[in-house]
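Here is a short report on one protein chain.

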Amino acid sequence: MSSDLNKSEFTGRIVKDAVLRRVATKNGERDVISFSLAVHNSYTPKDSKEKVEQTMFINISYWNRPGIAPYLTKGRMIHVEGELKEPSVHDGKAYTNVTATNIRFFQQTVKSMQDNGTFENSSEPAVDDSIPF
């Protein structure tokens, strides 16, 4: 007998600063961080030579980790692992909802000078020792 798997992974940029809230549950109060992630994709259809650009916006909820809320800021690139939840519809628009189980940070974009005097943007994954978890 096989079991089902509900796991999703997204890498994208935070749309606006995360919001930390304390909510009442059956088991007492819990902290939840909410934010939206913009995930960009581009492709070229078979019948065309023009690239098609798409951006999907995903609503993320992350429970019981209030210490990372200050690091979830607008424009920051992160990788989110989580579970898909029921889609929601607001004002006629459909939204994808994910409850995060793990969040990984990418190094902030840093401009470094190359030998030829030009700048190179870096978004390599990095461990940030200042994050409290």
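## Strand pairing

Strand S2, residues 19–25, and S3 run antiparallel and are joined by seven bridges. The link between S2 and S3 is a hairpin of two residues. Within this pair, Arg 21 stands opposite Val 32 in S3. The model is predicted.

S3 has other partners too. Twelve bridges join S3 to S4, and the two strands run antiparallel. Here Ala 38 has Phe 57 in S4 as its bridge partner. S1 also pairs with S3 in the antiparallel sense, over two bridges. In that pairing, Ile 14 stands opposite Leu 37 in S3.

## Overall fold

The protein has eight strands and zero helices. Along the sequence, the pattern reads β-β-β-β-β-β-β-β. Contacts between residues at least 6 apart in sequence were also sorted by separation: 53% of them join residues at least 24 apart.

The protein has 133 residues, and 26% of them are buried. Its accessible surface comes to about 9,700 Å². Carbon and sulfur atoms account for 49% of that surface.

## Nonpolar core

In soluble globular proteins, nonpolar side chains tend to be buried together. In this model, the largest nonpolar core has 19 residues. Those with the most contacts inside this core are Ile 33, Phe 35, Leu 37, Ile 60, Leu 72, Ile 78 and Ile 103. Five elements are listed as giving two or more residues to the core: S1 (8–14), S3 (28–43), S4 (52–63), S5 (77–90) and S6 (93–105).

Asn 97 is found in strand S6. Is Asn 97 buried or exposed? Asn 97 has a relative accessible area of 15%, so Asn 97 counts as buried, the limit being under 20%.

Which side chains make polar contacts with the side chain of Asn 97? One is the side chain of Ser 88, at 3.1 Å. Another is the side chain of Asn 59, at 3.4 Å. A backbone atom is involved as well: the oxygen of Glu 86 lies 2.9 Å from a polar atom of the Asn 97 side chain.

Not counting residues up to four places away in sequence, Asn 97 touches Asn 59 and a run of residues: Glu 83, Leu 84, Lys 85, Glu 86, Pro 87 and Ser 88. Leu 84 is 13 residues from Asn 97 in sequence. In space, their C-alpha atoms are 6.0 Å apart.

Notes: Residues numbered from 1 in each chain as written. Predicted model: local features only at pLDDT ≥ 70, side-chain atom pairs only at ≥ 80, totals over all residues. Heavy atoms only, no water. Core = buried A, V, L, I, M, F, W, Y, C linked by side-chain atoms within 4.5 Å. Buried < 20%, exposed > 50% of the residue type's maximum accessible area, 1.4 Å probe, protein only. Helix = DSSP H or I, 4+ residues; strand = E, 2+ residues; numbered from the N terminus. Contact = heavy atoms within 4.5 Å. Areas by Shrake-Rupley, 256 points an atom, 1.4 Å probe, with all protein chains shown as cover. Pairing = 2+ DSSP bridges. Polar contact = N/O pair within 3.5 Å; in protein donor to acceptor, adjacent residues only side chain to side chain.
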